[in-house]
Structures are given as C-alpha cells and as structure tokens.
Amino acid sequence: MSRSPAKTSQEKCGTMATAKNGHCSVEGPVQELFMQFLSLPDTGNAIRLQIAGFKANAEGNSSSSSDGIFSHPVRESLQLPPRSPTSSRASSRRTSPDIKSMRKQQKRGSRIKQFYFPEGQPISPQSNLRDRITIQNLFHGHPNGLTQEEFLPVTRGFCNLSSYCNAVLFNAVDRNGVGRVTMQAFRDFYTENMQKFDTSSRLFRLLNSDKKGGKRYLTRDSFSPLINEVVKRHPGLEFLKSHPEFQARYAQTVKARIFYKVNRMANEELTLRELKRSNFSEVLSMLDEEEDINKVHDYFSYEHFYVIYCKFWELDDDHDFEIDAKDLMRYDDYALTTKIIQRVMDGAGRPFVNKTRGRMGYEDFVVFLMSEVDKTSPISQEYWFRCLDIDGDGVIAAYELEYFFSEQQARLQQLSQEEVQFTDVLCQLNDMIKPNVENHFTKKDIRSTKMATPFFNIIFNLSKHVVAEQRDPILIHQVHSTPELCDWDRYAINEYIKLAESESNDNDGMDQGNEDFEWDAKDMMTDNKDEDLTPGLVDSDI
C-alpha cells in the first residue's frame with residue numbers, strides 16, 4: 001500500500017518538524033541551533049566568500065560549491081559557547097573596523113589632485129610645445145636678439161604683463177647689459193621664472209630681484225624701477241617731465257599707497273600672498289588702456305597725490321618733510337583730540353616708516369590721511385581700532401572709550417552749551433554697533449556694521465561728527481549719486497577742486513597786484529616827469 005506524499009514528506013522531516021504547504025518547517029531546538037550557527041562570525045565570512053564565488057563564476061562550479069557551507073550538515077554534536085545574558089542578537093553592537101573599506105578610503109584619499117604648487121603648476125607637453133613655437137615666432141628674423149623697444153610684444157602679448165614692466169623684464173633677462181635679448185636667454189628665463197606661474201606670481205618674481213639672498217618679500221625699493229617707468233612713459237604724466245622733484249614725490253606717494261593697501265601686515269615686507277589678494281596687477285594693466293591717469297583712482301591718480309602733498313605741505317611749516325604732534329594738531333582746523341593725536345604719533349595705528357622719534361614723515365602722513373578720511377575700509381578700521389585699544393587685548397572697553405571721549409565731551413559741551421553724559425554716548429554706541437558683549441567692542445563687531453565712521457568720529461573727530469549730525473543733504477546726495485566711489489575718492493575730488501580754485505584765485509590776485517603796481521609806477525613817472533630820474537632808479541623802486 002503506497003504512502004501519501006504528505007506523509008512521506010513529514011517522515012523525512014522527522015518528529016521534531018511539521019509540514020506546511022508541502023515544505024519542512026524547523027521548529028524547537030533545531031531552529032535555535034540553526035540560528036546560533038548563522039550568528040557565528042565564521043559562518044558570515046563563509047557566506048560572503050560563497051557569494052563572491054558565485055559572482056566570479058556565473059556558470060557555477062560544483063567542486064567549489066562542495067566546499068561551501070551548504071555541503072556541511074548541522075551536526076548534533078556541535079557545542080556552542082553560552083550566550084551572554086545581557087545581550088541579544090537584536091540589540092545594537094559595535095562592529096569591528098572593516099579593513100578593506102578603510103584601505104579603499106585611503107586609496108581614494110590618495111587620489112585627491114594636488115592643488116598647491118609652491119614652485120608653479122606643472123606644464124603639459126602640449127603647452128610647452130605651444131610656448132616654444134610662440135617664442136620662435138616672436139624672435140623670428142632677429143638672430144641677434146631683440147632691443148628693448150622690439151621686446152614690448154613679448155612683455156605684453158606673451159608674458160601677459162603691463163607694458164610698464166617691459167624695461168624691468170628686459171633688464172632682468174639682459175643681465176650683462178648687452179642691450180639685446182636673444183631667444184635662448186629669454187627662453188631660459190621664461191622657463192625658470194614665468195612659465196609655471198600666474199600674472200601676480202610673475203610680477204612678484206620679476207620685482208624680487210634679491211630672491212637669491214633668500215628674501216620672499218618685496219620692499220618699497222623693489223617697486224622703484226616699475227614706478228619710474230610709469231612716471232617716465234605714461235601720457236597722463238607728461239607735464240611732470242619738467243619738474244623732476246615732483247616726479248620723485250609722486251613716485252614716493254604711489255609706493256606709500258601700494259604698501260598701505262597691499263601690505264596688510266604693515267611690516268614693510270610685501271609677500272606674494274598679499275600681492276595676489278590685491279588688485280595691483282589689474283590696476284597696473286589699466287594704465288595701458290587709460291590715458292587719463294586721474295581715472296585710475298587706486299595707487300596712481302595724480303590728483304590724489306596733489307591733495308596729499310598739499311595737505312602735508314600746509315602742516316609742515318619748516319618744509320623738512322617731517323611733522324610733530326603740534327603740527328598734526330592743526331589738521332582739519334584742530335578736528336582731532338590731543339589724546340588720539342598722541343596715539344597716532346606713538347605709532348599705535350601703524351608703525352612709522354620714519355625713524356626719527358616723535359616725528360611723522362611724509363609716507364606716514366599718507367597712511368594717516370587716507371585712514372582718517374575713509375573709515376569704511378578694513379585697513380582704516382584696523383588703524384583706528386589699534387589706536388583706541390590701549391591695552392592691546394583686541395577689545396575696546398568702556399574705560400578706553402571714556403578716556404578718549406573725555407576731551408571730546410568738553411569740546412561738545414562748549415560748542416552746544418549743553419551737558420553731554422558719557423553714559424548716554426555709550427548707550428548710543430551700543431545701539432549703533434550692537435556688540436556681542438555690551439560695552440565691549442571688537443573688530444568683528446565694528447566691521448559687521450556700516451557704522452564704523454560715526455563710531456570713530458564720535459570719539460575723537462569733532463568736525464566730522466558735527467557735520468554728520470547736521471545731515472547735510474548735499475553730502476548725502478553725493479554719496480548716493482556716486483556709489484562706485486569710496487569716501488577717499490570723493491574727498492580727493494572735492495579737495496582738488498578747492499585747491500585748484502584757491503591757486504587760481506591766488507594767481508589772479510598776483511596778476512591784479514602786478515597790474516596795479518604798474519599803473520602806480522606810471523603815475524609816479526608822470527608826476528615826476530620834470531625831475532631827472534634814471535631808469536636804474538625807477539627799476540630800483542620797482
């Protein structure tokens with residue numbers, strides 16, 4: 001008598017199993033033993049190896065599969081270690097680090113492209129070949145080399161430098177002073193100093209003539225050959241050729257403005273990083289396109305130089321190009337307090353270039369004037385912050401503000417005939433700046449607002465504070481109508497107009513005085529026509 005298929009299946013499963021839908025379902029101790037077997041680390045590794053083998057061989061390999069875990073039945077004699085009573089398989093566990101994944105991450109990290117090239121980016125063979133061909137075309141037909149004038153297309157077109165760098169570059173290549181630059185000499189210089197670098201780096205290496213001595217910075221003298229070329233060749237400075245003394249002062253002013261704006265560390269050592277972060281290379285290139293040098297406001301404007309020079313000349317009575325604290329007090333009709341003047345003269349805002357103790361030189365006055373006029377720039381804010389920060393802790397505290405404001409307070413009370421309380425002013429400053437800590441003003445607090453100018457003027461500049469309080473509509477209109485200009489640009493334009501008008505009026509007055517004097521001389525000669533007056537006597541009287 002044949003047995004049913006369900007009964008045969010049940011018998012094959014054993015007495016510890018039940019049949020469900022024609023399949024064996026393991027229950028009881030067998031199920032627990034099987035689950036413990038699957039939780040073993042060796043079992044998991046074997047399963048992963050088995051899956052990897054299946055992926056490697058899609059057709060399958062019976063011999064390899066026979067060594068897998070599925071060919072080993074569960075033995076009844078298998079002994080397992082006791083399970084921890086405080087843990088369960090379902091609980092979260094810290095897994096050991098996966099060495100393979102860590103190695104993959106390390107390999108992936110090692111493939112990050114290099115982004116910092118202290119000696120310049122490597123040049124591809126295609127770029128190198130293109131440069132060689134271009135150099136050959138530039139020197140074609142000149143077997144003996146190029147003169148300085150013929151070298152100009154190399155400087156501008158190939159090296160991407162301003163034409164005012166032409167003489168500097170030519171002299172750097174022509175080390176022996178032959179007067180000509182051969183193709184091989186330029187190729188060697190270009191490969192070493194320019195091919196792998198950007199425009200700012202090329203300019204830095206070109207001006208850093210003392211790089212063999214180990215210096216990695218530029219000084220004011222490093223810019224002298226370049227600025228001299230601008231003074232000599234720019235069409236907007238053609239009229240200065242007959243005034244060599246003012247050519248020197250103009251060049252001195254340009255270098256002072258360069259170090260004021262570019263050398264943020266104020267240590268007279270202008271680094272490549274500072275040059276790259278500035279706009280000097282772009283402004284220098286603008287000189288090739290703009291014939292009116294007064295339209296290049298940064299660094300090179302002659303009108304700006306004229307204003308700076310005249311302002312310094314007004315204070316320098318003995319014209320030795322040095323002023324002391326008493327001379328500086330007369331600036332802007334005694335607008336600044338004596339305490340802030342003393343801090344400036346001590347070099348608190350920026351160390352002086354002039355080494356005479358207690359004396360401010362012309363270059364130091366350039367820094368002072370530009371910082372005092374335009375307090376919206378980060379450079380001027382740093383300047384005046386250091387002046388007010390007496391203890392140098394990076395915070396302008398209430399006691400420091402009270403110290404500087406005490407003199408301003410007396411001047412305001414004398415001017416308005418009203419009592420001015422420092423507590424009210426301090427409350428106003430807190431509302432203006434909104435510092436993170438009340439009554440403690442940091443550079444970050446001041447820079448994060450647009451109120452740096454009134455903040456500093458309240459403390460030590462009487463005239464500008466009074467003008468700001470009056471809300472002059474003309475000044476407000478000038479600011480809104482010229483958003484592309486900074487406070488220094490507007491100041492320089494207005495002051496240049498005033499100085500030009502004053503000089504014109506003085507000349508008219510002198511002409512009128514000479515004309516009146518001539519008529520007086522004629523009257524005198526008419527009245528004394530009967531007397532014997534020799535021309536020498538008349539000339540003597542005149």
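1. What covers the buried residues of helix α6 includes α7 (152-158) and α9 (183-193). This is a predicted model, and the residues covered in this way are S127, D131 and I135. They lie on the same side of α6, because the arc they span around the axis is only 70°. The other side of α6 has exposed residues: P125, Q126, L129 and N137.

2. The secondary structure comes to 27 helices and eight strands. Of the 542 residues in the chain, 37% are buried. Contacts between residues at least 6 apart in sequence were also considered, and 60% of these join residues at least 24 apart.

3. How do α21 and α23 pack? Helix α21 (residues 422-433) and helix α23 (residues 452-460) have axes 10 Å apart and meet at an angle of about 165°. Angles over 145 degrees count as roughly antiparallel, and α21 and α23 are therefore described as roughly antiparallel to each other. Their crossing is left-handed. On the α21 side the contact involves V425, Q428, L429, M432 and I433, which meet P454, F455, I458 and I459 in α23.

4. Is α23 enclosed or open to its surroundings? Seven of its nine residues are buried, so α23 is largely enclosed by the rest of the structure. The buried residues of α23 are A452, F455, F456, N457, I458, I459 and F460. Among them, F455, I458 and I459 also take part in the contact with α21.

5. Helix α21 has a further packing contact, with helix α20 (residues 398-416). Here the angle is about 120° and the axes are 11 Å apart. The two helices are therefore oblique to each other. The crossing of α20 and α21 is right-handed. From α20 the contact is made by A398, L401, E402, F405 and Q409, and from α21 by F422, V425, L426 and L429.

6. Leaving aside residues up to four places away in sequence, S281 touches S200 and L203. T199 is 82 residues from S281 in sequence, yet their C-alpha atoms are 7.4 Å apart in space.

7. Most residues other than glycine have a negative phi. Y334 has a positive phi, near 60°. This residue is found in the loop between α16 (325-329) and α17 (338-345). With a relative accessible area of 45%, Y334 is partly exposed.

8. N439 is found in the loop between α21 and β8 (440-441). N439 is partly exposed, its relative accessible area being 23%.

Notes. Residues are numbered from 1 along each chain as its sequence is written. This is a predicted model: local features need pLDDT of at least 70, side-chain atom pairs count only at pLDDT 80 or more; totals for chains, interfaces and linings use all residues. Side-chain values use heavy atoms; hydrogens and water are left out. Buried means under 20% relative accessible area, exposed over 50%, partly exposed in between (1.4 Å probe, protein chains only). Helices (H or I, at least four residues) and strands (E, at least two) are DSSP runs, numbered from the N terminus. The arc is that of the directions from the helix axis to the C-beta atoms. Contact means heavy atoms within 4.5 Å. Axes are lines fitted to C-alpha atoms, for helices over the stretch in contact, and angles run from 0 to 180 degrees between N-to-C directions. Angles under 35 degrees count as roughly parallel, over 145 as roughly antiparallel, 65 to 115 as roughly perpendicular and the rest as oblique. A crossing is left-handed if the near helix is turned anticlockwise from the far one by less than a right angle, and right-handed if clockwise.
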